[in-house]
Every structure is written in structure tokens, then in C-alpha cells.
Amino acid sequence: MAGITQDWEPVVIRKKAPTAAARKDEKAVNAARRVGAEIETVKKSNAGTNKAASSSTSLNTRKLDEDTENLAHEKVPTELKKAIMQARMDKKLTQAQLAQIINEKPQVIQEYESGKAIPNQQIISKLERALGVKLRGKK
């Protein structure tokens with residue numbers, strides 16, 4: 001067994017390259033300074049702040065703020081709800097009976113008489129036919 005020689009090459013084990021966050025770490029920067037490596041520093045204008053999103057109002061935001069348009073639904077006028085109620089009473093009908101005649105839910109009649117409904121010309125014309133009264137003005 002004479003003449004046995006080791007013929008191995010040395011194995012070098014290295015750490016992983018530092019991540020971007022680790023490279024910016026104060027310890028890493030100081031270590032690089034000691035070694036004499038080149039260090040680059042860049043100041044970002046809005047780094048770490050949320051100024052772009054909050055400080056300047058966008059054009060759309062300003063338009064919405066300046067908008068004074070009233071965005072409410074049209075409601076049943078007082079004259080119409082009183083006319084429906086009066087015509088129904090004259091015919092001696094309940095809200096449920098009237099609703100059944102015009103093939104609508106009783107809630108619809110209730111909303112019209114309370115003034116909460118959004119006027120629908122088809123329902124108003126059904127009410128006119130069922131009650132035999134003209135409810136709409138000159139439209």
C-alpha cells in the first residue's frame with residue numbers, strides 16, 4: 001500500500017450573498033468601509049413617506065369636492081300622495097286591496113301614500129285606471 005496519495009481539491013464553503021436589505025444595514029456599510037469597498041448612497045425623494053397619495057389632491061378629488069349637484073332620488077309629490085289616498089278612501093279600499101287590483105305589492109301602495117316611493121309612470125297609470133281618477137297633471 002505504498003504510494004497512496006490524496007488527490008483531493010480543497011472545498012470552499014461560502015455564505016450566501018447578502019440580500020439588498022442586509023447590504024444597506026449599518027453594520028454591512030461599516031464593514032465595507034473598513035475593507036475599502038466602494039459605497040454608493042442615493043437619497044430617494046419620497047422614500048418612506050406617503051406624501052404622493054395624501055398631500056396633493058388629484059383632479060378628480062377636486063371635482064368631487066367642488067360638485068354641488070344634489071344627488072337625491074325624485075320622491076312622490078305631496079299632491080299625488082294625497083290624491084291617491086283620497087281616491088282610495090272614496091272607493092272604500094284598503095292599501096292591500098288596491099295593490100291586489102293593480103297587481104302590485106301592498107308595500108308599493110304604502111310607499112306611494114307615504115311619499116317615499118320613486119315615481120313610476122306605469123304604476124301611476126295603473127292607479128289611475130283602478131281608482132278612476134286622473135292623478136297626473138299636465139305631463
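How many of the 10 residues of helix H2 are buried, and does H2 lie largely in the open or not at all in the open?

What you see is a predicted model, where local features need pLDDT of at least 70 and side-chain atom pairs count only at pLDDT 80 or more, while totals for chains, interfaces and linings use all residues. Residues are numbered from 1 along each chain as its sequence is written, and side-chain values use heavy atoms, with hydrogens and water left out.

Okay, the overall picture. The chain has 8 helices and 0 strands, and along the sequence that reads α-α-α-α-α-α-α-α.

Next, buried or exposed. Buried is under 20% relative accessible area, exposed is over 50%, and partly exposed is in between, with a 1.4 Å probe and protein chains only. Of the 139 residues in the chain, 17% are buried. The chain exposes about 12500 Å², and carbon and sulfur atoms supply 51% of that. Those areas come from the Shrake-Rupley method with a 1.4 Å probe, and for residues only the protein chains shown count as cover.

Back to H2, residues 26–35. The number of buried residues there is 1, so H2 lies largely in the open.

Now for the core. A nonpolar core is a set of buried Ala, Val, Leu, Ile, Met, Phe, Trp, Tyr and Cys residues joined through side-chain atoms within 4.5 Å. The largest one here has 17 residues, and Leu98, Tyr112 and Leu127 have the most contacts inside it. H5, H6 (95–101), H7 (106–114) and H8 (121–131) each give at least two residues to this core, with H8 supplying the largest share, 4 residues. In general, nonpolar side chains in soluble globular proteins tend to be buried together.

Let's zoom in on Leu127. Contact means heavy atoms within 4.5 Å. Leaving out residues up to four places away in sequence, Leu127 touches Ile84, Leu98, Ile102, Ile109, Gly132 and Leu135. And across the chain, 50% of the contacts with a separation of 6 or more are between residues 24 or more positions apart.

So how do H5 and H7 pack? Their angle is about 125°, with the axes 7 Å apart. That makes H5 oblique to H7. The axes are lines fitted to C-alpha atoms, for helices over the stretch in contact, and angles run from 0 to 180 degrees between N-to-C directions. Under 35 degrees is roughly parallel, over 145 roughly antiparallel, 65 to 115 roughly perpendicular, and the rest oblique. From H5, Lys81, Ile84, Met85 and Arg88 meet Tyr112, Glu113 and Ser114 of H7.

Also in H5 (residues 78–90) is Ala83, which is partly exposed at 28% relative accessible area. Its C-alpha is 8.9 Å from that of Glu113, 30 residues apart along the chain.

Last stop, the loops. Most residues other than glycine have a negative phi. Lys92, in the loop between H5 and H6, has a positive phi of about 55° and is exposed at 73% relative accessibility. Asn103 sits in the loop between H6 and H7, with phi near 65°, and is exposed too, at 67%.
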